[in-house]
Amino acid sequence: MSEFAAVARGVTKRFGRTLALDDVGIEIRAGESHALVGRNGAGKSTLVSVLTGMQVPDAGEVSFFGEPAPPVADSAAWRRHVACVYQKSTVVPDLSVAENLFINRQDLGGGLIRWKKLRAEASALLETYDVAVNPDALVSTLTVEQRQLVEIARALSIGSRFVILDEPTAQLDGPAIERLFDRMRSLQDKGVTFLFISHHLQEVYEVCQTVTVYRDARHIVTAPVAEMSKPDLIEAMTGEAGGLNVPSGDDRPSSDETVLAVSSLSGDHFSDITLLATRGEVIGLAGSASSGKHEFAETIYGLRKPSAGAVSVDGSPVRGGDVPAALQAGIGCVPRDRHHQGLVLDLSIAENATMSTAGAFVWPSAQRSAGSNAIDSYDVKAAGPDQPVSDLSGGNQQKVVMARALAGDPSVLVLINPTAGVDVKSKESLLGVVDAQARRGKAAIVVSDELDDLRVCDRVLVLFHGRVVREFGRGWRDQELISAIEGLSSE
Amino acid sequence: MTKAMTPQVAAPAPAEKQKFRLARYQDLALVPVIILLLVIGAVLSPIFLTANNLIAVLTQQSELSLLVLGQAMILIVGKMDLSLESTVGLAPALAVALIIPSSAGGLDVGLAAWLALPLCILIGVAIGGLNGFLILKVGLSGFMVTLGMLTMLRGLQLAITEGKSLIDVPESFLYLGSTTWLGLPAAVWICVVCYAVGIFVLKYLRAGRSLYAIGGNSEAARAAGIRVDRVVWTVLIIGSVLAVIAGILMTGRLGSVAATQGEGMIFQVFAAAVIGGISLQGGKGTLFGALSGVLMLGLVEQILRLQGVSGFYIKASYGAVIILALIVTRFATGQKQE
């Protein structure tokens, strides 16, 4: 036994011309929650795949509790040492929770599958880890939170005492995140070690004891969380002094010319919302995942059909439920999830960026130069406009989605989770784009849970169960906004 | 709001030297294989490289190539249409049957002979449109709908013709499949034109590029303002019409509509498309690639035929060749086929 649950030393990994990890290491003390932070492309994901045996490093060694890591072919042995809960689900959606918990060992060592016993074992396992899920339920019916807990329980049942959580909070709302953290703390008390990856630095301070920072494929620093201030941490991640530099835009010129008028709009999960946005105004929409804010924004852009009410841009009405009509009217949109709705991953940057605006004829040279323009204007780190977007890191992919939304020079921008899953530097640059576009006279609607995104807004509307319940001008305090989002507001 | 304002800082990137990238030339991956086959054919048989033989290969493949063109577009947009091979038979049979008298196996409707071609095309539009309706509007599985159509259309043809070949085909209907223009069969010209148009549309028209966007990620395509259902529906109809044209050419070449016209072609269609680099998952592949897949299969078939492979073995060898071709393509392009 060693005091370290996992140690990697001198790990180097190359993908073609790209150096993904450059002689890095990490030492994760048994029983602690260790944070791994870094910008997109810093090498976090590659380290995770090396630590979980999905990739063989070109150089370097990995050990668990003092034992050298098993050969890569022996995936069963890896699973006994380490488990990983990815952002993407690794459970089979159409099988029951019980079967997923014991997937590929459903016979429990008996040769034949005895379903009754399997169910009983699953119930016992869920009870041990205090997971309130019916073992007969299909995994596809679970919430993201429940699904993660099932994955964690499965990992622990295999015998692993070291769990990697790769951006577990990205798809959870506030209370669910708190419950996850409580669970992490209690498992930690039972001796489970966590490697925690997140873009939300606040979470690192909340739940971790040690933090390791990677930047540009290299190890920058490892230190106790208590000794790292937030600006220091951001400096280590970006290589530049100073904290998150988001333009607040208090000095943005205001105008009283209305661009976007939404009158008593109702639709899926929201009803009777009226909203006027003037040129240069940025309006934030906050609320929990079930507040209807996403649905409201998607209805403005025509991704959903309204059941009542109207949207107009510059005084002319926009046909509901019709994306081309919305584009024509001058509404641009960054959709909720870039993988699901934002990008065609196999196509090039140029093609993705021009998808909404191409004329009837598409000349490759014109498309390429539009792609190069997008790369320059939005600071996309890429080899060139022909590169498929699947090659890009999350932050750069999101910039391509932003480029697409802005390609037709719309007068209204609808930005849904515009900085989801992107690193600090990309966040700065994306929010900078929002501010700059507002200064050019566009109206923008920013739908987000992240306070940093909302700081760029002139006012923030809080939705609760499909209705606007509070409105904040500039200068709101974090605490009052959060409690309004959670529905605790008492006026 | 002045729409003319460009949102970008208008400073085009310094003209980077385009580096040689293999991915760009993936389209051409089969060209060396085709050349190799020509060489092998020439070595094995003295008549292989003669104009007559090569024209024969092209003519034989012209009908298949039109089906592959349609199927390739349907696959790129992320769907599949198994019923194409039945359309090849049913559309000409029905059109002809509506014209000829019952004494010749017709339906005694007695429409004018010149209507044969337009009628046939219309039947194709109807079949593609019906497939599209069932898949897109009713929300059925495309695979199952077109599998059902495959059987139903073939059965319909048998019912109309009582299993017999239609021999009394109007002259206007036979023309395209039997004539030659500028020394080449009209069928070959038609294929060349269809492929040229297809390649141009899929590369240079927004409508064509939308096929890739839809096949790659239909939700993203929708969010980008592409009318997904409309495009898919159109592609299904175009696919059916191409199958009809293939049927017309085949009828003209053989002089009659056989009850089994087109039967079994769908397997070759898929083989040629996949060999040509079209992904069955949608969003990937080019029509040029698909065309080279067709040519590769045609050359192999002709080599086997000239070698006098016994009729009993030709089917088995053909199947083996398809698998072999897939293996060759797998390594020539370095890509896994999904």
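1. Gly280(A) touches Arg252(A), Pro253(A), Ser254(A), Ser255(A), Ala438(A), Arg439(A) and Gly441(A), leaving aside residues up to four places away in sequence; contact here requires C-beta atoms, placed from the backbone, to lie within 7 Å. The model is a predicted one, in which local features need pLDDT of at least 70 and side-chain atom pairs count only at pLDDT 80 or more, whereas totals for chains, interfaces and linings use all residues. Residues are numbered from 1 along each chain as its sequence is written, while chains are lettered from A and ligands numbered from 1 in the order in which they are written.

2. Gly280(A) is located in the loop between β12 (270-278) and β13 of chain A. Helices (H or I, at least four residues) and strands (E, at least two) are DSSP runs, numbered from the N terminus. Is Gly280(A) buried or exposed? Gly280(A) counts as buried because 21 C-beta neighbours are found inside 10 Å. The burial criterion asks for 20 or more other C-beta atoms within 10 Å of the residue's own, exposed means 12 or fewer, and partly exposed lies in between, with C-beta atoms placed from the backbone.

3. Strand β13 of chain A belongs to an open sheet of 6 strands with mixed pairing, in the order β16-β17-β18-β13-β19-β20; two strands pair if DSSP finds at least two bridges between them. At the edges are β16 (331-334) and β20 (467-472) of chain A, each of which pairs on one side only. From one strand to the next, the twist averages 20°. Axes are lines fitted to C-alpha atoms, for helices over the stretch in contact, and angles run from 0 to 180 degrees between N-to-C directions.

4. Within this sheet, β13 (residues 282-286) and β19 (residues 459-464) of chain A run parallel and are joined by 4 bridges. Ala286(A) stands opposite Val462(A) of β19(A). Helix α15 (residues 424-439) of chain A lies across β13, β17 (412-416) and β18 (443-447) of chain A, and runs at about 155° to β18(A).

5. A further open sheet of chain A has 4 strands with antiparallel pairing, ordered β12-β11-β14-β15. Because β12 and β15 (316-318) of chain A stand at the edges with a single partner strand each, one side of each has no neighbour in the sheet. The twist here averages 25° from one strand to the next. Strand β14 (residues 308-313) of chain A is joined to β15(A) by 3 bridges, and the two run antiparallel. Val313(A) has Ser316(A) in β15(A) as its bridge partner. Helix α9 (residues 293-300) of chain A packs on the sheet and touches β11 (258-267), β12 and β14 of chain A, its direction making about 120° with that of β11(A).

6. The domain assignment divides chain A into domain 1 (4-238) and domain 2 (258-485); such bounds come from an automatic or database domain assignment. Their centres, taken over C-alpha atoms, are separated by 32 Å. To the contact, domain 1 of chain A gives 11 residues and domain 2 of chain A gives 13 residues. On the domain 1 side, the largest share, 3 residues, comes from helix α8 (residues 230-238) of chain A.

7. How many residues of chain A are in contact with chain B? There are 38, and they meet 29 residues of chain B. The elements of chain A that give two or more residues to this side are α10 (323-329), α11 (338-342), α13 (364-377) and α14 (394-406). The most, 7 residues, come from α13(A). By class, this side of chain A has 19 nonpolar, 13 polar and 6 charged residues, where Ala, Val, Leu, Ile, Met, Phe, Trp, Tyr, Cys and Pro count as nonpolar, Asp, Glu, Lys and Arg as charged, and the others, Gly among them, as polar.

8. Chain A has 17 helices and 20 strands, and 48% of its 491 residues are buried. Chain B has 13 helices and 2 strands. The radius of gyration of chain B, 22 Å, is close to the 20 Å that the rule gives for 338 residues, so chain B is as compact as a globular protein of that length.

Conventions. Two residues are in contact if their C-beta atoms, placed from the backbone, lie within 7 Å. The radius of gyration is taken over C-alpha atoms; the globule rule is 2.2 Å times the number of residues to the power 0.38.
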